[in-house]
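Me: I want to learn to read a structure like this one, feature by feature. Please give me the general idea where there is one, then the case at hand.

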Amino acid sequence: MSMKEKLHTGELYLPMDDDILKEQFRCLDLQYEYNMTHPTESDKREKLLKQMFAEIGEGCYIEPPFHANWGGKHVHFGKNVYANFNLTMVDDTHIYVGDYTMFGPNVTVATAGHPILPELREKTYQYNSAVKIGRNCWIGAGVVIVPGITIGDNSVIGAGSVVIKDIPANVVAVGNPCRVLREIGEHDREYYFKDRKIDKEILI
């Protein structure tokens with residue numbers, strides 16, 4: 001099996017392999033072009049994202065600068081995904097994001113890991129594990145999501161959290177390490193922030 005084939009198997013491989021780098025640089029050139037676009041060049045941005053990403057649905061918006069090891073080549077976005085500036089996706093293997101999910105500024109989603117054993121790190125070995133983020137999630141500013149994590153639909157990850165274990169659907173989770181604070185429930189149907197009530201008409 002080639003080093004490139006091991007990107008998606010979870011096996012140890014050498015990321016500086018010539019075949020890997022050749023393709024990776026092509027992807028990074030597109031990412032650079034995207035980050036250099038003007039705010040008014042929405043059509044150009046949309047076209048570039050379709051070239052860059054493995055999949056990207058309609059209505060997605062990514063505020064530059066966007067950073068990814070493979071320029072989004074292994075990233076799968078549903079529709080209407082929003083990402084604020086400095087989204088970093090270490091997409092050495094696949095990252096899946098469901099419809100309507102939002103990312104605050106300075107979020108990092110990583111799929112690449114390095115062995116604990118120093119001798120292996122010295123030889124630059126790496127392994128990858130996919131990340132799955134569900135539909136209609138809100139990932140707050142400065143969140144870090146490590147390799148192999150799954151976050152369930154509708155969940156909110158509080159700002160600054162470090163997600164090192166799977167998070168179920170329909171919860172608010174916060175902290176370092178990130179833990180479930182509570183389920184999303186009836187209180188959230190009445191209040192959107194502290195004592196501020198939701199106008200019921202906007203839910204119709």
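## Reading the features

Me: Start with a polar side chain. With which side chain does Glu23 make a polar contact of 3.0 Å?
Reply: The side chain of Lys73 makes that 3.0 Å contact with the side chain of Glu23. Keep in mind that this is a predicted model. A further polar contact, of 2.3 Å, joins the side chains of Glu23 and Lys4.

Me: Where is Glu23 placed, and what does it touch?
Reply: Glu23 sits in helix 1, residues 18–35. Leaving aside residues up to four places away in sequence, Glu23 touches Lys4, Trp70 and Lys73.

Me: Is Glu23 buried or exposed?
Reply: Buried. Its relative accessible area is 11%, and the cut-off for buried is under 20%.

Me: How many aromatic pairs does a search of the whole structure find?
Reply: The search finds 4 aromatic pairs. One of them is Phe53 with Phe66: 5.6 Å centre to centre, 35° between the planes, and tilted. This pair links distant parts of the chain, 13 residues apart. Phe53 is in the loop between helix 2 (42–52) and strand 1 (55–56), while Phe66 is in strand 3, residues 66–68. Phe53 and Phe66 are both buried.

Me: Why is the pair of Phe77 and Phe103 called stacked?
Reply: Their planes are at 15°, with the ring centres 6.2 Å apart, so the pair counts as stacked. The cut-off for stacked is under 30 degrees. Phe77 belongs to strand 4 (residues 75–77) and Phe103 to strand 8 (residues 102–103), so the pair ties together parts 26 residues apart in sequence. Phe77 and Phe103 are buried too.

Me: Which residues form one aromatic cluster?
Reply: Phe53, Phe66, Phe77 and Phe103 do.

Me: Now the core. What is the general idea?
Reply: In soluble globular proteins, nonpolar side chains tend to be buried together.

Me: How many residues does the largest nonpolar core have here?
Reply: That core has 35 residues. Those with the most contacts inside it are Phe77, Met89, Phe103, Ile133, Ile139 and Ile145. Among the elements giving two or more residues are strand 6 (87–90), strand 7 (95–97) and strand 12 (131–133). Helix 2 gives the most, with 3 residues. Ile145 shows the packing: beyond residues up to four places away, its contacts include Thr108, Val131, Ile133, Ile139 and Val163. A second, separate core of 5 residues includes Tyr13, Ile20, Cys27 and Trp70.

Me: Which residues of helix 2 are buried?
Reply: Arg45, Leu48, Leu49 and Met52 are. Seen down the helix axis, the buried residues of helix 2 fall within an arc of 105°, so they line one face. They pack against helix 1, strand 1, strand 2 and strand 3. Asp43 and Lys47 are exposed, on the face turned away from the buried side.

Me: Last topic: sheets. How do strands pair?
Reply: Through backbone hydrogen bonds, either parallel or antiparallel.

Me: What is the order of the open sheet of 7 strands?
Reply: Its order is 2-5-8-13-16-18-19, with mixed pairing. Strand 2 (61–62) and strand 19 (179–183) stand at the edges with a single partner each, so one side of each has no neighbour in the sheet.

Me: Which pairings show the mix?
Reply: Strand 13 (residues 138–139) and strand 16 (residues 156–157) are parallel, over 2 bridges. There Trp138 stands opposite Val156. Strand 16 and strand 18 are also paired in the parallel sense, over 2 bridges, and Val156 has Val172 as its bridge partner. Strand 18 and strand 19, in contrast, run antiparallel, joined by 4 bridges. Here Val171 stands opposite Glu183. Strand 18 and strand 19 form a hairpin with 4 residues between them, and Gly175 in the turn has a positive phi of about 105°.

Me: What order does the open sheet of 5 strands have?
Reply: The order is 3-6-9-14-17, and the pairing is parallel. Strand 3 and strand 17 (162–163) are the edge strands, each pairing on one side only. Inside the order, 2 bridges join strand 9 (residues 108–110) to strand 14 (residues 144–145). Thr108 faces Val144 in this pairing.

Methods: Residues numbered from 1 in each chain as written. Predicted model: local features only at pLDDT ≥ 70, side-chain atom pairs only at ≥ 80, totals over all residues. Heavy atoms only, no water. Buried < 20%, exposed > 50% of the residue type's maximum accessible area, 1.4 Å probe, protein only. Polar contact = N/O pair within 3.5 Å; in protein donor to acceptor, adjacent residues only side chain to side chain. Contact = heavy atoms within 4.5 Å. Phe/Tyr/Trp six-rings, centres within 6.5 Å; stacked < 30°, edge-to-face > 60°. Pairing = 2+ DSSP bridges. Core = buried A, V, L, I, M, F, W, Y, C linked by side-chain atoms within 4.5 Å. Arc of directions from axis to C-beta.
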